[in-house]
Amino acid sequence: MGDFAFRRSVGHERLDAYGRGFAYLAGLNAGWIAVGIAIGTWANWQFVAKRLRRYTEIAGNALTLPEFLQNRYKDTSNLLRIVPAIFILIFFILYTSSGFVSAGRLFETVFGIDFQLAIFLGAGSVVFYTLIGGFLAVSRTDFIQGVMMFFAILLVPICAAMSMGGFGETVTAISNFKASMFDPFMKPDGSTIGAIEIISLMAWGIGYFGQPHILVRFMAVKSTAEIPQATRIAMTWVILSLAAAVAVGMVGTVYLSTPLEGTDSEKVFLVMTNNLFPPIIAGIVLSAVLAAIMSTASSQLLVAASAFAQDFYKTLLRKDASQSELVWISRASVLIIASIAVYLGFNPDSFILDMVAYAWAGFGAAFGPAVLMSLFWKRTTRLGIIAGIIVGGVTVLVWKQLALFGLYEIVPGFIFSFIAIFIFSKIDKEPARELVEMFEAVDKSKI
């Protein structure tokens, strides 16, 4: 059971891997993201995991989030499969592209090869084992890769600090270099961080409620009895890894003799590893980084491909498609999605954190309120969920372009989605008795 619980807990997005560059530039400002993510992780496991798994059992054992929503509301129009699938494909392409950019940075730093070639190498390896092994391979590699990344992210800041004379000397060096590094309320330029900025950083946490590649893991849990143990493991992983990620960025400011600027700041872990260890050890540590990237990208590809095969192809084009046919369609969609993601990632000046933040907000706002309201509000209707998904997803797409008030787009997207679900559910007719009984059955079950 330990293997299961661990791979479920580390199957989350590797946000720690993307936040090190932010910590390198901003110090403890990055801690607000870490706090938000930790709270969001705990809340997702505590309130969503068991109830979603139980609801999935009662509502037809769905394989994808759109299928779950369709089964939950007995939707015969297929809108609850098509509408969510559209947003899944939009944001997963961007999400997967960020993973390929990460791989490109890794190969570029370690081997000195061309950035575009590096992306192809990283994407190729992910696509290969995703095509060959599918969900089972992705779940098993999550476990191995999670273990590797867990120890790697702890090892680097500790070894760097020891090489500088110890933790006390390192803290003093960072403070002397830039006092604002230890002030979570101060920006690198000396100005004070505002309430909107704190809200925007901590709002990363609410994104967990709507991530399809995380929710599908809850839906696939063998037994809800394993979830409490998985929760403890997940929280241990999140707290230690995020704290270590922030430490990597902060220690890197004084450990590295040559400052990293622009997108190079996201290479701080890679550069520190190359400088700290002999080639063999560095290779093992860097393989852990690649493992985290590959694990995340493979999960994203798998969910996006499933959405296309199950929610578009089978629903709209070939309702009688065999399982074998769907497998081949899913594999073809993996290649197409990966190709688009590689193309979008060709710009070497792209900030990984910006790309992840956009996709994270899109999923969080489009699906987070829909999942929460479906699980916890009996009066929610099919019309309300469709409206909420559209309003949340579109708000993120529009708000990102306008950058209003400097507020992270997940905040208005999440709020407007909730409001849309409530309003459209209220103006819609009450749910059928069958749906109410299903909801009450989940309430009465031992979850």
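Is Ile423 buried, partly exposed or exposed, and what is the relative accessible area of Ile423? In this predicted model, Ile423 lies in helix H16 and is partly exposed, with a relative accessible area of 43%, because this value falls between the 20% below which a residue counts as buried and the 50% above which a residue counts as exposed. The C-alpha atom of Ile423 is 7.2 Å from that of Gly384, although the two residues are 39 positions apart in sequence.

Ile423 belongs to a nonpolar patch on the surface, which also includes Leu383, Ile415, Phe416, Ile419, Phe422, Phe424 and Ile427 and has about 710 Å² of accessible area in total. Helix H16, which spans residues 410-427, supplies the largest share of this patch, namely seven residues. Phe416 is likewise located in helix H16, and with a relative accessible area of 37% this residue is partly exposed.

In soluble globular proteins, nonpolar side chains tend to be buried together. In the present model, the largest nonpolar core comprises 137 residues, of which Val48, Phe68, Phe100, Phe269, Met272 and Ile389 touch the most other members. The greatest contribution to this core comes from helix H5, covering residues 79-111, which provides 17 residues.

Methods:
Residues are numbered from 1 along each chain as its sequence is written. This is a predicted model: local features need pLDDT of at least 70, side-chain atom pairs count only at pLDDT 80 or more; totals for chains, interfaces and linings use all residues. Side-chain values use heavy atoms; hydrogens and water are left out. A nonpolar core is a set of buried Ala, Val, Leu, Ile, Met, Phe, Trp, Tyr and Cys residues joined through side-chain atoms within 4.5 Å. Buried means under 20% relative accessible area, exposed over 50%, partly exposed in between (1.4 Å probe, protein chains only). Helices (H or I, at least four residues) and strands (E, at least two) are DSSP runs, numbered from the N terminus. Patches are made of residues with over 30% relative accessible area and no salt bridge: like charges are joined within 9 Å, nonpolar side chains (Val, Leu, Ile, Met, Phe, Trp, Tyr) within 5 Å. Accessible areas come from the Shrake-Rupley method with a 1.4 Å probe; for residues, only the protein chains shown count as cover. A salt bridge is a side-chain nitrogen of Lys or Arg within 4 Å of a carboxyl oxygen of Asp or Glu.
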